Amino acid sequence: MSIIGIDLGTTNSLAAVYQNGASRLVPNAFGEYLTPSVVSIDEDGAVLVGKAARERLITHPARTAAAFKRAMGTDRRYTLAGRQFAPEELSALVLRRLKEDAEAFLGEAVEEAVVSVPAYFTDSQRAATKRAGQLAGLKVERLINEPSAAALACYDPAQGDAAFLVYDFGGGTLDVSVVDCFENVVNILAVSGDNQLGGNDLDLVIARLYCQQNELDFDSLAPEQRAILLSQAEQCKQTLTTAPMAAMVLELPGLAGSLTLTGQKLIESAATLFGRMRAPLQKALKDSGLAPRELRGVVPVGGSCKMPVVRQYLSHLLGRPLLDAGHPDTVVAQGAGLYAAMKERKAELRQMVLTDLCPFTLGVGVHNPADEDNLIMSPIIERNSSLPTSKVEKYYTVNAGQTRLKIQVFQGEAMYCRDNKKLGELELPVPPGPAGKEGAAVRFTYDINGILEVEAQSLSTGKAISAVLVGRGAGLSDDQVKQRLAQLQNLKIHPRDQEENRLLLARGERMWQESLGEEREEVARILEDFQLELASQEPTRILRASRRCKEMLDRLEAGLPLDGFRWDEDFFDDEDDQ
């Protein structure tokens with residue numbers, strides 16, 4: 001029984017399945033690959049999904065909903081024909097339609113799927129996506145970030161090692177990922193995004209521009225009129241993907257008028273949106289530590305990336321070529337199909353590895369001497385850390401005679417804990433003593449299913465406590481959680497104590513003893529740089545660093561110079577960021 005991959009999009013959704021050595025798109029009942037993410041309730045109570053529902057956006061706006069992906073993980077409710085629906089319930093109806101289409105295509109039941117989500121989706125948004133899968137009758141153990149799926153689909157090991165940026169600009173969300181591919185590993189270095197920015201926002205800009213030019217008030221229009229105007233604006237935008245100019249002409253009562261639009265005029269009118277498009281790109285690049293010049297190019301993904309103005313903007317910002325990675329509308333689904341096959345352990349894909357990231361920082365609250373009631377965030381696992389991961393930090397008592405350490409766990413990027421999301425807390429007994437004498441080693445172990453285990457061990461007594469904080473989107477039973485944590489035990493050995501790294505350090509120390517002068521200095525520098533990478537406790541960084549360290553020691557032992565053989569490339573400077 002096949003596991004399918006699903007791209008659950010804001011505007012359109014589609015599925016793929018791995019067959020005959022390739023990820024194949026699944027056609028729907030109309031023989032098309034794209035199913036509009038639209039739901040409508042007919043007058044007889046029947047539920048319409050996809051193309052038929054999209055046609056009713058204008059004629060029956062009170063019975064039809066679209067773009068509900070943006071509200072995933074919130075308390076928003078959609079009222080259709082007098083009935084209320086949560087965003088995940090509407091998404092479930094779309095997923096169920098894709099499931100039925102896949103069953104018709106495969107001629108067998110489909111019970112499990114890998115579903116793509118924006119890389120910057122929060123825990124609650126991911127949980128809502130998994131609930132939608134459950135409601136649709138699908139087992140969704142694994143989610144895949146949309147840019148990661150696109151990277152997986154376009155990676156060709158035959159082309160050698162490469163780093164590139166995936167820019168996923170769809171109908172409702174923007175995701176940016178920096179990807180490093182080497183030796184059958186698709187390694188996500190950094191992610192960033194905006195969950196409230198997409199092609200729909202450009203439609204709104206065009207609709208408002210039309211109203212401004214024709215002395216209409218968009219906000220005071222009836223729902224049916226706004227739906228018509230947005231539909232026409234979308235068509236105008238789509239025309240700009242193939243023509244230098246587009247026109248909107250309406251002769252309907254209350255909407256009569258015209259608008260001529262060029263790509264340049266759209267850029268000027270949507271200047272704020274284009275500014276927002278740039279911010280996640282810069283953040284992802286900065287977090288990755290790569291300069292634009294170190295990228296092979298940019299992979300444009302999502303329907304909005306078909307627009308020449310968007311493609312030109314990306315090329316202008318980075319000064320890198322746009323890479324052809326297949327059709328922007330379907331590449332995420334194809335990557336999800338590949339990932340589903342990897343989960344099935346298909347023989348031809350067993351060597352492929354896709355790393356995942358922690359999109360938000362995880363840490364504990366520490367004492368703030370300037371404001372004792374306002375804890376400061378102390379990161380343990382920082383955003384963009386490769387998963388699974390396990391990291392440890394030490395913390396000490398603040399007051400004399402203190403008998404407990406209260407360990408409060410938070411998620412977020414704010415400096416003060418009150419502005420982040422609290423995930424839970426533990427209390428560890430410690431012997432009373434002078435301030436700062438007693439302390440604890442606090443370890444976070446985090447896996448790709450959103451399971452976070454927090455352990456605290458007294459530095460003086462060795463007494464330890466732990467708690468498992470399972471994200472609401474984990475979708476795992478208690479037994480599955482225990483099994484998964486057992487598999488992660490080997491992560492709890494500090495990287496510098498792992499056998500392969502200890503061997504490499506021992507080799508370097510031997511070479512230092514055997515060498516003199518400049519060669520001895522080179523060995524010392526190599527070992528120092530490698531130990532700094534080990535201290536990061538980042539598995540992927542350490543893997544690459546160990547390869548680099550071994551290569552440099554090999555060259556020294558072979559009597560070859562290290563000229564031009566650098567440990568790291570320069571990070572991009574301010575000039576590159578302009």
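Between which two strands does the loop that holds Pro388 lie? Select Pro388 and you land between strand E22 (385-387) and strand E23 (389-396); helices (H or I, at least four residues) and strands (E, at least two) are DSSP runs, numbered from the N terminus. Now show the backbone: the peptide bond joining Leu387 and Pro388 is cis, with omega about -5 degrees.

Before moving on, note that this is a predicted model, where local features need pLDDT of at least 70, side-chain atom pairs count only at pLDDT 80 or more, and totals for chains, interfaces and linings use all residues. Residues are numbered from 1 along each chain as its sequence is written, and side-chain values use heavy atoms, with hydrogens and water left out.

Next, pick Asn384, in the loop between strand E21 (376-381) and E22. Asn384 is not a glycine, yet its phi is positive, about 70 degrees. At 9% relative accessibility this residue is buried (under 20% relative accessible area; exposed is over 50%, partly exposed in between; 1.4 Å probe, protein chains only).

Then jump to Ala81, between strand E8 (78-80) and strand E9 (83-85). Here too a non-glycine has a positive phi, about 55 degrees, but Ala81 is partly exposed at 34%.

Finally, select Leu165, Tyr167, Phe169, Leu229 and Met277, which touch the most other members of the largest nonpolar core, a group of 47 residues. Such a core is a set of buried Ala, Val, Leu, Ile, Met, Phe, Trp, Tyr and Cys residues joined through side-chain atoms within 4.5 Å. Helix H5 (199-213) is among the contributing elements and gives the largest share, seven residues.
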